[in-house]
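The entries follow in the order I looked things up.

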Amino acid sequence: MKTYLVIRFSAMGDILLTLPVLAAACEQNPNARFIVLTRPKFSVFFEGYPQIQVLSIDVDKEYDGIKGLWKLSRQLRREQKFESILDLHQNIRSFFIKLFLLRSSSYTIFKGRRRKKALTRKNRKSNKILLHSTERYARVLRKAGLKVDLNEVGQRNYFKELEPLDLHKESHWIGIAPFAQHEGKIWPKEYIKEVMLSIPESSTILLFGGGDEEIYLLRQLSVDFDNVEVIGPKYSLKQQLSLISALDVMLCMDSGNMHLAALAGIRTVSVWGATHPNAGFGPFGSQEHNIVQVPKSELPCRPCSIYGNKPCYREDYACLHLIDVDEVSDLVNKSDT
């Protein structure tokens, strides 16, 4: 059996998109084994895959800086044996790990930064549809001699180890995850509330968020509703995966929750503002995905950012404010009709 060291530390959405690729690689290469080097909080995503072992690494404390990465590399040389390094991150940390493990062959992701810059520049934007991140990851594995055909993996729930919950699901479950990491990806909360008002009272709405500020805002949203439950820190990540897996539809932003729902095999309705699925970060899977966005013909400034972290060119986030609430509501409620 050949063993491969896989490096990807963040962010959550990027980690999640490695999952279907590694799942396909496990199925199509039964004699391959993968050691995934990532942050501790992401290890839950890979549970239930016998060919995948996660090494949870705290790169902010124990293995911080050059000395920490040297310590980590020495530990890897001493405790692990692997055929090749599969660098799915291509950042300064993965560079030094590969440097310190020089005796091992390595294969590195090509991120296509020049084409992404052309897609988001202010003037003379490119209209090309860039490779999806899963295909970029798959190409790294193929370079290492592994078979990875993403066309062979169908719709499924990729999360194998779900924590059993006494759900008592007796109604239509609609998940809403209104937050994202950056302002350019967050639909105004008043629009979210309008969508909530359109949902029949017979349905159950689960609001997903994390951190004190997000939970406070979710509780504000839920005040006028009897059919809403706020899903926050009282649920572990594994429990939240169980809840997401039981949803009928998820309304979300371009965010980690979008990828969670898609990889759980759930229909997603995702709202896109400053970012664009053409950059290669759209939801994965063969189930229905409803992407709602202002057409580039109406807002030529879109997209202005790959990650949503750049200031709005217009300074008004029209890309979010011009999205039609009725369109989103119709998509969310579609399965009720």
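I started with the neighbours of Thr 18: leaving out residues up to four places away in sequence, Thr 18 touches Arg 8, Phe 46, Leu 88 and Tyr 137 (contact means heavy atoms within 4.5 Å). Thr 18 lies in helix H1. Its relative accessibility is 3%, so Thr 18 counts as buried (under 20% relative accessible area; over 50% is exposed and in between is partly exposed, with a 1.4 Å probe and protein chains only).

I noted the ground rules next. This is a predicted model, in which local features need pLDDT of at least 70 and side-chain atom pairs count only at pLDDT 80 or more, while totals for chains, interfaces and linings use all residues. Residues are numbered from 1 along each chain as its sequence is written, and side-chain values use heavy atoms, with hydrogens and water left out. Helices (H or I, at least four residues) and strands (E, at least two) are DSSP runs, numbered from the N terminus.

I then looked at helix H1 (residues 12-28) against helix H5 (residues 133-143). Their axes come within 9 Å and cross at roughly 50° (axes are lines fitted to C-alpha atoms, for helices over the stretch in contact, and angles run from 0 to 180 degrees between N-to-C directions). H1 is therefore oblique to H5 (under 35 degrees is roughly parallel, over 145 roughly antiparallel, 65 to 115 roughly perpendicular, the rest oblique). From H1, the contact takes in Asp 14, Leu 17, Thr 18, Pro 20, Val 21, Leu 22 and Ala 25; from H5, Ser 133, Thr 134, Tyr 137, Ala 138 and Leu 141.

I turned to the sheet. It is open and has 6 strands in the order S8-S7-S6-S9-S10-S11, with parallel pairing (two strands pair if DSSP finds at least two bridges between them). S8 and strand S11 (289-292) are the edge strands, each pairing on one side only. Neighbouring strands are turned by 20° against each other on average, direction ignored. Strand S10 (residues 268-271) and S11 pair over 4 bridges, and Ser 270 has Ile 291 in S11 as its bridge partner.

Helix H6 (residues 189-198) touches S6, S7, S8 and S9, and its direction makes about 170° with that of S9. H8 also touches S6, S7, S8 and S9, making about 145° with the direction of S7.

Last, I listed the buried residues of helix H8 (residues 237-245): Gln 239, Gln 240, Leu 241, Ser 242, Leu 243 and Ile 244.
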